[in-house]
Structures are given as C-alpha cells and as structure tokens.
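Hello,

Here is the structure you were waiting for. My notes follow below it.

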Amino acid sequence: MSRLIVVSNRVSLPSPDGAQGGLAVALQAALREAGGLWFGWSGREIDTFTGSVRFEEIDGVRSAVVDLEPQDVEEYYNGFANRTLWPLFHYRIDLAQYNRSFGSGYERVNKRFAEPLHVMIEPDDTVWINDYHLIPIASQLREHGVKNRIGFFLHTPWPPTRLLVSLPYHERLVRTMFAYDVLGFQTGEWLESFLHYCQNELGGTVDGEYVTVDGKRLRAVVCPIGIDFKNFLAASNTKASVDLAERMRISLRQLSMIVGVDRLDYSKGLEERLNSFETYLKRHEEAHRAVVLIQVAPQSRGQVEQYRNVRDKLNEMAGRINGAFAEVDWTPIRYVNRGYSRDELTALYRAARVGLVTPLRDGMNLVAKEYIAAQDPDDPGVLVLSRFAGAAAQMQDALLVNPYAPEEVADALHRALTMPLGERKQRHRALLEGVEREDVHWWRERFVTMIEEADRG
Ligand code: ADP
Ligand code: G6P
C-alpha cells in the first residue's frame, strides 16, 4: 500500500482551547486512522527561513513542520490567503484586497514549502494537498521532478467565474492547478463553477469527470467531507459530556436553548444571525424568558482587520440586543469568545433544542453535522441550516433558510422550537443516516482512491 502524504497550511496543533476549523479537525481524524505523514507550517515564525523540517507526533499523527518568516506570514497567510482568496472564494469581492506583495509572498511560500517537501516524497507515495493556501504547490513539485500522483482538495467554495475574474492573474493561478491529477470539491455547485471557468476563460473541454486545458488533463470530482462520527458519538457518551449536558439543562431551567458554534468569521453570517434572533424576539413575546441563544465564537485570524471588525460589531450587537430585551432574571444571548473541548461541545450541542448554522457561504460546515451526531435520538433537537452552506446539499431534512432574510430565519426558529416530537425524530433519523454513512473516513478513502485511480491519459 502506498504511503499517504497530506499537506496543508495548518498542521493540527494541540490547542483544545481554540477553534482549529474544519480542515484540521477532519484531517487529524483521517490520518489517525490511515497513517501517513502530515506536512505544513508549524504556526511559528523564524527570522530567516531555513526549510529545516521538525518531525512531531501529535495525537498519534506523524507531522513534519517548517517555520516561516514574519514577512511570509504577513504576505502569504494574512495577505493572499486570508485577505484575497478567502473573501473572494466566499463571494465577498467587496472585502478582497489585491496587493502585488501578497501574490509574490504566496508564490514564494508555496516554493518554500515545495523545497523540503519534494525531498520527503518517495516514488510510491500518494500526495494530497489541501485548501486555498497551497493551490500552486503541485506545479512547484513538478518542477522538482515529482512524478507522483497528486490530488488537491478545496475545503472552501469555488466562486462563480464572474467573481473569480476580479482576481488579478486569475488565469495564472488556475492554470497551475493542471499540475494535479485530481481536484476535489465539496459540492456539485463549486465543481460546476470550476468547470465553467475552465471552459469559458481557458478554452478547456470537459469529458465526463475529466477536464482538459492546453493538452493537460485532470479529474475533477465532488467528494463532500464528513465528521469523525464514531469518535464524536463516543465523546458525546462520555460521562463528562452527559454530566455537563445535564448540568446545563438544570442551569437553563425551563429555557429552550438555541446554539451557534463558529469561528469568528464574516462568512459565518453572525451579524445576520443576531439580527434574525432579534427579529424572532420582536415577533414572539412568548419566547421572552423562555428561549436563550448561546453563541460560541472564538477569535480567528485576528491579524486581519475585517475579522477584528466582525468581533467589534458582534460585541456591540450582543450588548445592544441584551440591553433591549433582558430582564433582571433573563438574558436572551450568551455570547462566548472561547473554544471548547470536543466533550464539552457535544454536551452543548445535545442540550440545545436548535442548532443554528447560518453561514452566508461555506464550503461545507462541519458544525451542522456535529450537531446532528450529538443529539439524543429519542428527543432530538432541530437543525436550522443555511441553504448557502455546502452541507445543505446533503442535509435536505434540516430546516433550510436564507440567512440574509431575518424573518425567514425567525420563522424557522419558531417552527423548530415548536416542532412535534414525531417530526423531529423523523428529520433527525434521516440526517443522522447521512452523517454516519458519509463520515470523514468515507471521505478520505473515497478521495484517496480517486487520486490513485485517476486515468493520467
Ligand atoms: P470552518 O472550517 O470554516 O471553521 P466548520 O464548521 O467546517 O467551519 O468546522 C469548524 C470546526 O471547528 C468544527 O469541527 C467545530 O467543532 C470546531 N469549532 C468551531 N468552533 C469551536 C469552538 N468554539 N470550540 C471548539 N471547536 C470549535
Ligand atoms: C477553514 C479553512 C481551513 C482553515 C480553517 C481555520 O476551515 O478551510 O483551511 O485551516 O478555516 O482557519 P485558520 O486560518 O485558523 O487556519
């Protein structure tokens, strides 16, 4: 069996305290089972880049990490990855910044990663690159003579062509993708946009799962990521988790709890969510002193001003709504900026009558799947899910909403909180079946097999 080399910007770091995001959580689970090597940035900075690799074993996963220079981190990570590509890929061209230094930093760091990486790759290895930070790395590896099969998985959406062309040098970036053998997307919608771009901007042709541009062919597929279901279920059955859930039920007394768990990111629609909750409170007097929203949102990417702006805006909104609606013995929103352990998270999800997951745009959204996995099948809560999350493609039995429309979300909250047990169980059963079947191991096996079996033409 060939060895698996997984590459991503972030290698899972042991930080029970912060939200690592879906990529790290999922790859950690996938590699723990499959073995292999995980290569990426250590998260640390060093005065001068050396390319020297440190091997570490993190939670049973063998990792190889390199340090980056402060300028690399600024231009590549805070710059091109998080100020240019992230907003653009989430349809926010109004927030995207196009500085040439970001683009050159991005290319430089991709080259820097490729240096030590190509030395580690052995002829039989399967190489799997993850996410928007590292799009051009396969072309760098090819320049070093790497002949192995290389797959790329995009965890975010792929934007429509009309938005993508606002990126300077967009053609150059997309052409580098033809150094891969396989490209994986979370949903058919993102794949369609990619194919549209190739056909309309690069003069490419599509034949079944294969796309050809300038004589270079690759396989482009949909392969939705899942959660580590068994592990998550086990966490929700631990004594610590069950006890905490019970304590929360008592602390909440007769309150029905709605939960939101997100990195503090503008793509998650948190402002719109609080707005919708306010609309719900305005329209439903009976919810006063009866319902509470617990929103957990640890700071993410704090070096980027737009992220600090979201934080400030949410502080202001939570304070204002609480000020307007709270009673001396009831506060409608509990807004928490820290991360929680897996056990604690499962307890939080389980205690919530509603999981409120309303991103404005999201590649997948694993929180939606975790919420379903954590429910008590005999008395499950209801998932209210944005139709603009990749997860909506698989989770049609959730209450699907338009997160931009506060009255629609308010109606869904009311419906969820008053839904009869029979309907709750029925919806939950259908959702659970998918979350259990299409889990993170299914995703990893399927995608790796697609890389191994891709016809290289
Ligand atoms: P993204 O990858 O954009 O952050 P996802 O919903 O796909 O969004 O994945 C988020 C992951 O991070 C989930 O596994 C979730 O449990 C975890 N996470 C998010 N917020 C927190 C938090 N406050 N504490 C602990 N884990 C969190
Ligand atoms: C999303 C991205 C990941 C990223 C994660 C956390 O899940 O798709 O690539 O790792 O967010 O963001 P961060 O910038 O902290 O790594």
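Helix 1 (residues 22-34) gives the most to the shell around ligand 2: three residues. Please keep in mind that this is a predicted model.

The residues around ligand 2 are Arg10, Gly21, Gly22, Leu23, Ala24, Asp131, His155, Thr156, Ser300 and Arg301. By class, that shell around ligand 2 holds two nonpolar, five polar and three charged residues.

Now the domains. Domain 1 covers 4-226 + 440-452, and domain 2 covers 229-437. Their centres, taken over C-alpha atoms, are 30 Å apart. Domain 1 puts 26 residues into the contact, and domain 2 puts in 24 residues. On the domain 1 side, helix 1 and helix 2 (70-89) each supply at least two residues. Helix 1 gives the most there, with four residues. That side of domain 1 divides into eleven nonpolar, twelve polar and three charged residues.

Ten strands form an open sheet with mixed pairing, in the order 3-4-2-1-5-6-7-10-9-8. Strand 3 (54-58) and strand 8 (205-207) are the edge strands, each pairing on one side only. From one strand to the next, the twist averages 25°.

Strand 1 (residues 4-10) pairs with strand 2 (residues 37-45) in the parallel sense, over four bridges. Val6 has Trp38 in strand 2 as its bridge partner. Helix 1 packs on the sheet and touches strand 1, strand 2, strand 4 (61-68) and strand 5 (126-130). The direction of helix 1 makes about 160° with that of strand 1. Helix 16 (residues 440-453) lies across strands including strand 1 and strand 5, and runs at about 125° to strand 5.

Best wishes

Notes
Residues are numbered from 1 along each chain as its sequence is written. Chains are lettered from A and ligands numbered from 1 in the order in which they are written. This is a predicted model: local features need pLDDT of at least 70, side-chain atom pairs count only at pLDDT 80 or more; totals for chains, interfaces and linings use all residues. A residue is near a molecule or strand if its C-beta atom, placed from the backbone, lies within 6 Å of it. Ala, Val, Leu, Ile, Met, Phe, Trp, Tyr, Cys and Pro count as nonpolar, Asp, Glu, Lys and Arg as charged, and the others, Gly among them, as polar. Domain bounds come from an automatic or database domain assignment. Two residues are in contact if their C-beta atoms, placed from the backbone, lie within 7 Å. Two strands pair if DSSP finds at least two bridges between them. Axes are lines fitted to C-alpha atoms, for helices over the stretch in contact, and angles run from 0 to 180 degrees between N-to-C directions.
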